[in-house]
Amino acid sequence: MTKKCLLILNPISGDNGITGAELKEMAEVHLSNYEISLWETTGKDDDEKILQQFEELKPELVLIGGGDGTIKLVSKSLHGKDVPLGVLPLGSANGLAKCLGINDIVDTWESIRQEQAHAVDAIHINGELCLHLADFGMNANLIKKFEQEEKRGMIGYVKHSLKEIFGAEVKKYRLTIDEESIEVEAKMIVIANGDQYGTGALINCGGLINDGKFEVIALNPQTADDYIRSSIRLFRGDLHRDEVCTAWRMKSCEIVNIENAEFQIDGEMIGKPAAIEAKIEKHAFRFYTGKDFLTHHISSE
Ligand SMILES: Nc1ncnc2c1ncn2[C@@H]1O[C@H](COP(=O)(O)OP(=O)(O)OP(=O)(O)O)[C@@H](O)[C@H]1O
């Protein structure tokens, strides 16, 4: 029996040049047992429009074409709906897709054909949804500069990176976990549901996106040696062993932003909140996942 698939595309994500019609055609070829309905985001009231599309069609699958911002937009609209989500990684960096083991579109088709949908946690941060990574400091500053550029894509992101990383200020934060408070000084504080950025930098090695917990990671490199060593470890996957990194695992926490650092959630600038409260929702969504995800996560489901 033919099933229904709602294909949602953000036409401004990334710089891949794929049109809605081309993507629909690809989906029809690769998912021949689905009837594909294409809908493109507009940039205005998309959360309501997505819900409306979903209620009208009542699909068995929702495919999301875009980057982390688009996945977050669709997930937020469909929170609580019992429908599996598939990700077509068409954004600039696609960090969340990589955490799900979806490195390219081929992985997406394969995961759906193999029926590999798995439960994934979400973090609620001050009423916002975080599926991937949120952070104060260095990376948030970088995203803010990137957003101010007109051109999208990875080159703009990389262009600002070195300057921002080496010029980052140390800021103070108060972290409260289970009623215990500590003051932390860091160049960057990460709240991590996923394990890696879109660049492949493994900020949260050992962190699982389906274990009902999240990690807070404080990074405070000072010297050139610290930067070089920790950068190598970021890509090698053993940053947690480095002295510039301190990590905690929890179900909820509060962070007071004592010195007004910039904050971002899943690539979207939030501003400089005085404090944030973060709480995990275990298995909030079901996503189609790739082979890499199965290797790392399946035993903990
Ligand atoms: N047709 C459109 N025109 C303009 N803005 C749009 C349109 N559709 C969606 N948007 C906006 O795009 C944003 C989400 O996409 P965004 O590009 O930030 O993230 P992304 O999908 O992660 O892509 P990228 O990785 O390229 O940044 C939302 O703020 C949304 O309102």
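Helices (H or I, at least four residues) and strands (E, at least two) are DSSP runs, numbered from the N terminus.

This is a predicted model: local features need pLDDT of at least 70, side-chain atom pairs count only at pLDDT 80 or more, and totals for chains, interfaces and linings use all residues. Residues are numbered from 1 along each chain as its sequence is written.

Now the sheet. Six strands form an open sheet in the order E12-E11-E10-E7-E14-E15, with antiparallel pairing. Two strands pair if DSSP finds at least two bridges between them. Strands E12 (245-250) and E15 (268-271) stand at the edges with a single partner strand each, so one side of each has no neighbour in the sheet. Inside this order, strand E7 (residues 133-137) and strand E14 (residues 263-265) pair over three bridges, antiparallel. Asp135 stands opposite Gln264 in E14.

Finish at Glu185, which sits in strand E9 (residues 180-186). Is Glu185 buried or exposed? A residue is buried if 20 or more other C-beta atoms, placed from the backbone, lie within 10 Å of its own, exposed if 12 or fewer, and partly exposed in between. Glu185 is exposed because 12 other C-beta atoms lie within 10 Å. From Glu185 to Asn103 is 82 residues in sequence and 34 Å in space, C-alpha to C-alpha.
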